[in-house]
Amino acid sequence: MSHIAPPKPGAATESAPSADRLTFGLNLAADVVLAIGLVFFVTDAGRYPVLPLNLAAWALLLIVTVLTQLGAGRLVRLPTAWWTIARIVLAVVVVLDVFGVLGQVGDVVSGPFPTAAIGAGAVLAMFATTQSARSVNLAVAALGVLIAADILLASDTAIGPELAPGVFALALAVVPPIVAVTIVTSFRNMVQFQADLSLAKGTTSAAGMSLGLSTSEELVRLDLQAERLLDDVASGRTPLPLSTELAEAASTIATQLRLNLVASKSRTWLHHALTESSVLGAISIIDDPDGLAAGLAPDQRDGLLTAIWMLAGDGERVAQALTVTVRRGGSSGVQAQRLAVTLELIGAPKRRIDPAAWQAISKVGRFAESHAAPTLRIDIDCALDVVADR
């Protein structure tokens, strides 16, 4: 294990990835694309059939760009519906720029391509961090269709060398926002994965048998309902004997409290770490009826949980199914006992497994692995201390 000196105050904040840094990077990339488009526009300004339309398109495009970036920097407060307003304005930009290139409707020209319309794609990329991927992708698709139609209208033949600049222009319009959405989606997955892993790892230092986060929240809610009912009875607001409706409500609260408390005695830290995970919860099955995982030492818990996360998911791809089985193993002496832990994963390619996962498993105990596609099976034989905290 490598040892890293503790960071200086503020160092963690400076080096940690953040949405603000990602937004700044996307805005900077968009500015570069817009600058290139503006240079081409100025260079070919004399060739546009209806130059005022193209000038108006660029003016609107720059206004949307400046306001969006000022809003991202929290320098101005934009309307709540700014995304809708921006899309409408960008649609106007595309229409103005296209007609500024085509001139009369139906004319076939060999002049420059609509640079402002191409720059609209760069502006869409700036919304990748604030809007859903689906919403941005739909806007990009509409932009691509409009530009492709204009390129075909402005070409003498459907297929030919003269289409090459048009294809490049189309790519310059749609690739930046698509790349931006891909980057932001990967970033969100990474952050969600790391946050979920941090919450799960918090269970390794808890008591072997404990209440999970969801159970704790449910008990708080039930406790509040019970306190309100008792307070109403004590203050006289609710007369005795209780009405049929209130008696049924009180009985329901008591039943739910008992069920949660009883369930907590058979749910170990491993159960909470996996089933309450937003990443692995949907695919995890814990087969540990006797709660034996509670007997694992903290370092064994950490090794097992780390290995499971490295095997089952890496932030980009998650296994299809995960089953963890815990059973008693053979005794090795009066002061020690053994557990047999089996991991079965479906959809976890062996070639993609990080070698660090095997090192983590070795902290739990001796192991043997077998792979029969699509299932990866790992059998772990781990020694426990009889007096381990449960």
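1. Helices (H or I, at least four residues) and strands (E, at least two) are taken as DSSP runs and numbered from the N terminus. The model is predicted: local features need pLDDT of at least 70, side-chain atom pairs count only at pLDDT 80 or more, and totals for chains, interfaces and linings use all residues. Numbering starts from 1 along each chain as its sequence is written, and side-chain values use heavy atoms, with hydrogens and water left out.

2. Overall figures. Of the 390 residues in the protein, 38% are buried; buried means under 20% relative accessible area, exposed over 50%, and partly exposed in between (1.4 Å probe, protein chains only). The accessible surface comes to about 21100 Å², and carbon and sulfur atoms hold 64% of that. These areas come from the Shrake-Rupley method with a 1.4 Å probe; for residues, only the protein chains shown count as cover. Among contacts (heavy atoms within 4.5 Å) with a separation of 6 or more, 73% join residues 24 or more positions apart.

3. Helix α5. The buried residues include T115, I118, G121 and L124.

4. α5 with α3. Helix α3 (residues 51–72) and α5 have axes that come within 9 Å and cross at roughly 10°. The two helices are therefore roughly parallel to each other; angles under 35 degrees count as roughly parallel, over 145 as roughly antiparallel, 65 to 115 as roughly perpendicular and the rest as oblique. On the α3 side the contact is made by A57, W58, L61, V64 and T65, and on the α5 side by T115, A116, G119, A120 and V123. An α-helix has 3.6 residues a turn, so residues three or four places apart point the same way. The α3 and α5 contact has 7 nonpolar, 3 polar and no charged residues. Here Ala, Val, Leu, Ile, Met, Phe, Trp, Tyr, Cys and Pro count as nonpolar, Asp, Glu, Lys and Arg as charged, and the others, Gly among them, as polar.

5. L38 and G119. L38 lies in helix α2 (residues 19–43) and, at 32% relative accessibility, counts as partly exposed. L38 is 81 residues from G119 in sequence, with the two C-alpha atoms 8.5 Å apart in space.

6. α11 with α12. Helix α11 (residues 298–312) packs with helix α12 (residues 355–362) at an angle of about 155°, with axes 7 Å apart. Axes are lines fitted to C-alpha atoms, for helices over the stretch in contact, and angles run from 0 to 180 degrees between N-to-C directions. α11 is thus roughly antiparallel to α12. The contact involves G303, T306, A307, M310 and L311 of α11, and A356, A357, A360 and I361 of α12. By class, these comprise 7 nonpolar, 2 polar and no charged residues.

7. T325. T325 is in strand β2 (residues 321–328) and is buried, with a relative accessible area of 18%. Apart from neighbours within four places in sequence, T325 is in contact with D287, A340, V341 and T342.

8. R74. This residue sits in the loop between α3 and α4 (82–102). Phi of R74 is near 60°, a positive value in a residue other than glycine. Most residues other than glycine have a negative phi. R74 counts as exposed, at 62% relative accessibility.
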